[in-house]
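The following paragraphs lead the reader through selected features of the structure shown below, beginning with a helix pair and then turning to salt bridges, individual side chains and the backbone.

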Amino acid sequence: MNRNSILQIGPDLVEVSTYIPQDSYFGRPYIDRDEIRDAPGVHRNIHGGFENADTRFNFYFPAIEVYGGRMFQPMEGGHAGHENIFGEGPVAEISGGMAMAFRMGGYMVESNCGHIGDDIDERAGPDPTLYGYRAAIESARLSRHLAKQIYGAEPANGYVYGGSGGGRRSPACIEYGSGVYTGALPYHGGGNIADHGTRSRVRSEQPVHFGLMFNVRRLLGNRLPGVIDAMQPGGSGNPFEGLTVHQREELANLYRLGFPRGAEFMMSQPFGQIWLWTSIADMLLEEDEDYFSGFWSKSGYIGHDEPQWVKPDLIDTEVSVKRVLTARDLKENPEFADAAIQAAAYPAIFIATLNHTLDLPMALEVDLPAGGYRQGASVYMQSGAARGRRLYAMAEASDMLFCDGRGEANLERLTGVVPGDRVRIDNRAFLAYCYYYKYHLSEEPICDFLRVDGQPIFPQHDVPLASPLMGVPYSGQFDGKVMWIHATHDTSLWPPQGLSYHRAVEHAQGKAGLRDSFRIRWTENAEHTPPNMVPPQPNRSGANWLVNSQGIIEQSLADLIDWVENGVEPAGTSFAFVDGKIVLPPDAAERGGIQPVVHIASPAGGELKTKVGENVELMASAEAPSGGKIIAVEWDFDGKGVYPLSNDIAAGQSHLEARGQHVFDAPGIYFPSVRVTAHRDGDLGAKQRRLENVASVRLVVS
């Protein structure tokens with residue numbers, strides 16, 4: 001490829017002086033970087049922002065030979081705030097990044113969504129329209145202005161997509177960006193619905209329900225492993241066995257609200273959920289003070305009426321800081337190599353890596369008294385340079401607290417804190433949050449078990465508003481096409497959240513509009529994040545029971561393009577929603593979608609038995625829907641998720657049966673798994689658009 005082919009008009013001739021923002025909030029655009037780069041393919045990188053605003057953008061224009069007239073705009077998860085994560089780094093690696101955009105014939109747009117880090121634009125204040133869509137849309141409009149200069153014409157089509165918080169904001173972009181976008185692919189998102197044009201913040205029930213997940217983890221303590229075991233393949237299927245009445249009630253309520261069955265292990269390893277608490281706790285305390293004080297002082301509230309469920313876990317103490325640790329310390333110092341410390345430090349290390357801030361102080365070590373529940377506790381600086389700063393404990397291990405917070409506290413973390421500084425540790429707010437769900441009911445039917453004759457059982461407060469950085473509620477009103485992807489085992493946005501946009505589109509456009517412009521696809525056995533980001537269980541890695549959904553996302557993006565540009569209607573997934581859970585048909589033809597359906601033959605109850613040295617043979621069946629072809633069958637017998645054994649596959653098969661064999665050399669409980677991969681074109685050597693599913697059984701080796 002000619003490296004200079006991209007320089008059709010030369011970098012010094014690209015101009016933004018004639019661009020007039022359609023949104024009057026934004027000042028004149030400026031460019032502070034314009035250069036040619038070679039990886040992952042020859043492209044032109046243009047970075048800049050808008051005057052009098054915190055909005056920043058990053059554009060990646062590939063060589064003319066690979067450009068197909070499309071614009072792609074991935075939206076960052078969480079609260080966003082960065083314009084440099086899809087070009088390179090861990091997010092680019094797991095989400096396709098600009099390499100995927102180039103493969104699909106487009107240039108890529110990144111926006112920080114109007115703010116820097118977790119802080120708001122001081123001039124705009126808490127305006128959710130700016131952070132939800134306006135900054136992203138204005139950045140995309142400017143990219144079209146530059147694309148016309150570079151390629152001779154603006155892109156014919158624009159596609160916006162993203163997961164988690166990006167699944168929150170990408171629908172808003174197509175709803176309010178008519179003429180900029182023709183298709184959207186939100187995945188692993190969710191939220192409430194309001195009429196088009198709303199300026200309100202999101203009023204989401206999912207953060208409310210996270211409190212119940214934390215409560216179940218707290219209450220179960222050392223009984224949680226038994227619950228996990230009961231719900232794994234070959235388990236009893238009864239997670240309530242051996243629990244107290246209160247533990248049973250709280251766990252049952254968790255399932256009723258949609259926590260995915262089979263993902264109970266993730267209760268022991270919260271990541272995005274506990275990060276969200278640290279980022280909104282101050283806001284909840286400010287906007288819902290009546291609840292947090294009433295929980296401990298008023299009749300009808302657990303903390304007042306039944307304090308035995310919370311008082312044993314109370315912490316309210318002031319201690320001295322022993323030392324402060326950076327993410328680099330936690331990642332590289334062998335002193336912290338202990339598995340328990342690394343598991344607790346993982347969220348802090350990942351966030352620091354994501355934001356290129358490994359040297360930012362993220363944790364402190366203190367002498368805490370024995371007892372009490374530390375995760376989620378307020379970490380309030382009482383002296384020193386950081387006096388008055390409040391953070392919250394994402395995790396704890398060995399008297400170390402791994403911290404995050406809101407706004408400036410998020411940007412500064414523990415900067416300025418030194419040994420000897422005094423800090424107050426207080427978890428009263430977090431313990432109240434553990435029962436938040438009872439007192440903050442949404443109108444969604446999944447909350448009806450907490451009502452009698454339509455009346456709430458407990459005193460009620462408004463469902464809290466999310467951070468303004470999460471944007472505005474869905475309206476379901478848009479021009480173009482939307483493909484929605486959700487995961488059956490998503491513990492960050494539970495499966496009921498996958499139904500919200502379906503309702504929004506039907507409300508705004510009717511059944512005809514729903515049929516003509518919207519599809520939903522379910523990814524079975526997938527989490528909010530890739531398997532390699534899921535902490536391992538003692539006898540199972542994440543890849544032993546979960547699949548990587550990126551191939552399904554990329555294929556669905558290709559199908560969305562085909563739908564928008566060629567009118568080829570994509571297959572959706574058939575499903576039922578019963579008792580708080582998604583139920584998928586066991587047959588591929590009935591289920592639809594694009595993911596293969598996989599089963600392993602097992603006896604009643606799903607538990608197999610063998611002895612050390614005996615040959616174990618398992619039989620799997622698999623079928624690919626929607627014209628796909630199976631390209632790989634792999635076996636993982638020891639739970640490490642490596643899948644070292646594979647079957648020879650003849651090209652062109654959409655249905656097959658396969659055998660896997662293994663001899664165990666040590667006793668124990670194992671979960672042999674088969675991973676089946678399909679591909680739309682049946683390419684046995686395909687690296688992208690690999691469509692995975694997995695099935696497991698329990699094997700007891702004596």
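**Helix packing, salt bridges and backbone geometry**

Helix α5 (residues 206-220) and helix α8 (residues 272-287) pack at an angle of about 120 degrees, and their axes are 10 Å apart. That angle makes α5 oblique to α8. The axes are lines fitted to C-alpha atoms, for helices over the stretch in contact, and angles run from 0 to 180 degrees between N-to-C directions. Angles under 35 degrees count as roughly parallel, over 145 as roughly antiparallel, 65 to 115 as roughly perpendicular, and the rest as oblique. Helices (H or I, at least four residues) and strands (E, at least two) are DSSP runs, numbered from the N terminus.

The model is predicted: local features need pLDDT of at least 70, side-chain atom pairs count only at pLDDT 80 or more, and totals for chains, interfaces and linings use all residues. Residues are numbered from 1 along each chain as its sequence is written, and side-chain values use heavy atoms, with hydrogens and water left out.

The crossing of α5 and α8 is left-handed, a term for a near helix turned anticlockwise from the far one by less than a right angle, clockwise being right-handed. On the α5 side, P207, F210, M213 and F214 take part in the contact, and they meet Q273, I274, L276, W277 and I280 of α8. By class, this contact of α5 with α8 has eight nonpolar residues, one polar residue and no charged residues. Contact means heavy atoms within 4.5 Å. Ala, Val, Leu, Ile, Met, Phe, Trp, Tyr, Cys and Pro count as nonpolar, Asp, Glu, Lys and Arg as charged, and the others, Gly among them, as polar.

Charged side chains pair elsewhere: a search of the whole structure finds 40 salt bridges. A salt bridge is a side-chain nitrogen of Lys or Arg within 4 Å of a carboxyl oxygen of Asp or Glu. One of them joins R134 to D127, with the closest N and O atoms 3.0 Å apart. Both R134 and D127 are buried; buried means under 20% relative accessible area, exposed over 50%, and partly exposed in between (1.4 Å probe, protein chains only).

A further salt bridge is formed by the side chains of K322 and E365, at 4.0 Å from N to O. K322 lies in strand β8 (residues 316-326) and E365 in strand β9 (residues 361-366), so the pair ties together parts that are 43 residues apart in sequence. K322 is partly exposed, at a relative accessible area of 42%, whereas E365 is buried, at 13%. These two residues also belong to a network of salt bridges that links K322, R323, E335, E365 and D367.

E554 and R689 form another salt bridge, in which the closest N and O atoms are 3.9 Å apart. This pair links distant parts of the chain, 135 residues apart: E554 is in helix α16 (residues 550-566), and R689 is in the loop between β27 (673-679) and β28 (691-696). R689 counts as partly exposed at 27% relative accessibility, while E554 is buried at 3%. What surrounds E554? Residues up to four places away in sequence aside, E554 touches M100, R103, M104, Q688 and R689. E554 and L185 are 369 residues apart in sequence and 9.8 Å apart in space, C-alpha to C-alpha.

S139 is found in helix α3 (residues 128-151) and counts as buried at 0% relative accessibility. Leaving out residues up to four places away in sequence, S139 touches F50, T55, R56, F57, F59 and S111.

The backbone supplies the last features. Most residues other than glycine have a negative phi, and most peptide bonds are trans. A cis peptide bond, however, joins A39 and P40, with omega about 5 degrees. P40 lies in the loop between β1 (29-37) and β2 (43-50). D579, which is not a glycine, has a positive phi of about 50 degrees; D579 is located in the loop between β18 (576-578) and β19 (581-583) and is exposed, with a relative accessible area of 56%. S626, likewise a residue other than glycine, has a positive phi near 55 degrees. S626 sits in the loop between β22 (615-623) and β23 (629-636) and is partly exposed, with a relative accessible area of 35%.
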